[in-house]
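Subject: Handover of a structure for your review

Dear colleague,

Please find the structure below, together with its sequence.

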Amino acid sequence: MRIRRLPAVVVALAATVSLVACGGQREPSGNGTAAGGRLTIATGNTTGVYYQLGGALASVISQKMTGYRATASETGASVQNIQGLAGGNYDIAFSLGDTAADAVKGENSFQSKQDVVALTRLYNNYTQVAVRTSANINSIADLKGKRVSTGSPNSGTEVIARRLLEAAGLDPAKDVTAQRLGLPESVDAMKSGSIDALVWSGGLPTGGITDLTTSLGKGVKLLPIVDLLPKMTEKYGSVYAEAPIPAATYKQPADVATIVVPNVLLVRKDMKDELAEQLTKTLYENLDALVAVNAAAKGITKENAAKTDPVPLHPGAQKALDALK
């Protein structure tokens with residue numbers, strides 16, 4: 001029997017992520033030093049793109065940045081990531097752009113302005129609303145009275161799920177039976193029939209959604225939601241945009257028009273310029289390693305890297321991006 005050997009990046013990713021799973025959360029290195037140190041990356045749910053790319057980034061940092069060892073932590077995603085980053089529990093964090101904008105302004109989920117800045121803009125997150133075909137749901141407004149997973153508590157998915165419901169004229173607290181579930185739990189609940197719909201904000205493809213659409217086949221479909229974009233942009237600005245989920249992504253019968261929001265990679269303001277520059281440079285020199293783990297990383301481009309407004313770029317990251325041009 002021929003033994004198939006795994007690519008080195010996959011082996012390294014598994015080893016890096018397992019350090020967190022087995023050893024628990026460690027004390028972060030804070031703002032880092034030129035001599036090196038330990039870095040923790042806040043990611044997201046285990047079947048989401050943040051977790052996969054965070055593990056790949058941790059592997060790249062550990063292999064390419066002399067003196068540094070990075071690990072990726074599973075989290076509830078954006079809001080939790082920023083709170084943990086600002087509180088000193090993490091050194092680097094993935095976040096949705098709309099949640100990061102709230103953080104630097106001290107709005108909505110954040111009672112005060114958070115001292116976080118960006119290393120770079122990443123790929124776009126696609127809002128993916130999956131519903132059971134038998135539930136007779138054809139729009140967000142049709143979710144009234146339904147059992148809906150709105151995402152993990154304190155996640156960017158939960159933020160956008162609530163905004164979608166409100167844009168459709170629904171009260172998230174009264175008009176739906178909200179289940180605050182992570183993606184793995186949401187997928188299981190859809191399979192068992194204990195919920196009617198789930199909202200997910202993630203890159204393409206997201207493993208959990210692939211699992212769901214493969215398992216249920218025609219028993220599940222993705223909703224087009226772009227009709228709500230005007231209300232979303234009117235209230236929250238240009239952070240939201242329109243894009244299709246290509247039919248081939250999840251073997252759907254046609255493209256699905258949805259709402260996208262960019263992701264950003266965040267650090268604290270007090271990270272030393274040299275470390276921020278080195279991290280940003282290392283990411284762009286090793287993009288292939290991230291793409292090998294999930295194709296969503298193809299959306300990380302030098303052309304869009306500095307487009308993080310209203311989240312300011314770290315001065316060290318700005319220096320690295322200027323050198324890439």
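Predicted model: local features only at pLDDT ≥ 70, side-chain atom pairs only at ≥ 80, totals over all residues.

Residues are numbered from 1 along each chain as its sequence is written, and side-chain values use heavy atoms, with hydrogens and water left out.

Overall make-up

The protein has 11 helices and 10 strands; these are DSSP runs numbered from the N terminus, helices being H or I of at least four residues and strands E of at least two. Of its 325 residues, 54% count as buried. Here buried means under 20% relative accessible area, exposed means over 50%, and partly exposed lies in between, with a 1.4 Å probe and protein chains only. The accessible surface comes to about 14,100 Å², and carbon and sulfur atoms account for 49% of it; the areas come from the Shrake-Rupley method with a 1.4 Å probe, and for residues only the protein chains shown count as cover. Among contacts with a separation of 6 or more, 77% are between residues 24 or more positions apart, contact meaning heavy atoms within 4.5 Å.

Helices α5 and α8

Helix α5 (residues 156-167) packs against helix α8 (residues 229-236) at an angle of about 115 degrees, and their axes are 9 Å apart. Axes are lines fitted to C-alpha atoms, for helices over the stretch in contact, and angles run from 0 to 180 degrees between N-to-C directions. The two helices are therefore roughly perpendicular to each other, a term that covers 65 to 115 degrees, with under 35 counting as roughly parallel, over 145 as roughly antiparallel and the rest as oblique. On the α5 side the contact is made by I160, R163, L164, E166 and A167, and on the α8 side by K231, M232, K235 and Y236. By class, the contact has 5 nonpolar, no polar and 4 charged residues. Nonpolar covers Ala, Val, Leu, Ile, Met, Phe, Trp, Tyr, Cys and Pro, charged covers Asp, Glu, Lys and Arg, and the others, Gly among them, are polar.

In helix α3 (residues 78-86), S78, V79, N81, I82, G84 and L85 are buried. A77 lies in the loop between β2 (68-73) and α3. A77 is not a glycine, yet has a positive phi of about 90 degrees, and at 12% relative accessibility A77 counts as buried. After α3 comes G88, with a positive phi near 90 degrees.

Lysine K146

K146 is in the loop between β4 (116-132) and β5 (147-149). K146 is partly exposed, at a relative accessible area of 22%. Leaving aside neighbours within four places in sequence, K146 is in contact with A135, I137, D175, V176, T177 and D196. K146 and T177 are 31 residues apart in sequence and 6.0 Å apart in space, C-alpha to C-alpha.

Other backbone features

Most residues other than glycine have a negative phi, and most peptide bonds are trans. N108, in the loop between α4 (97-105) and β4, has a positive phi near 55 degrees; N108 counts as exposed at 57% relative accessibility. The peptide bond from L204 to P205 is cis, with omega near -5 degrees. A cis peptide bond also joins D309 and P310, with omega about 10 degrees.

Yours sincerely
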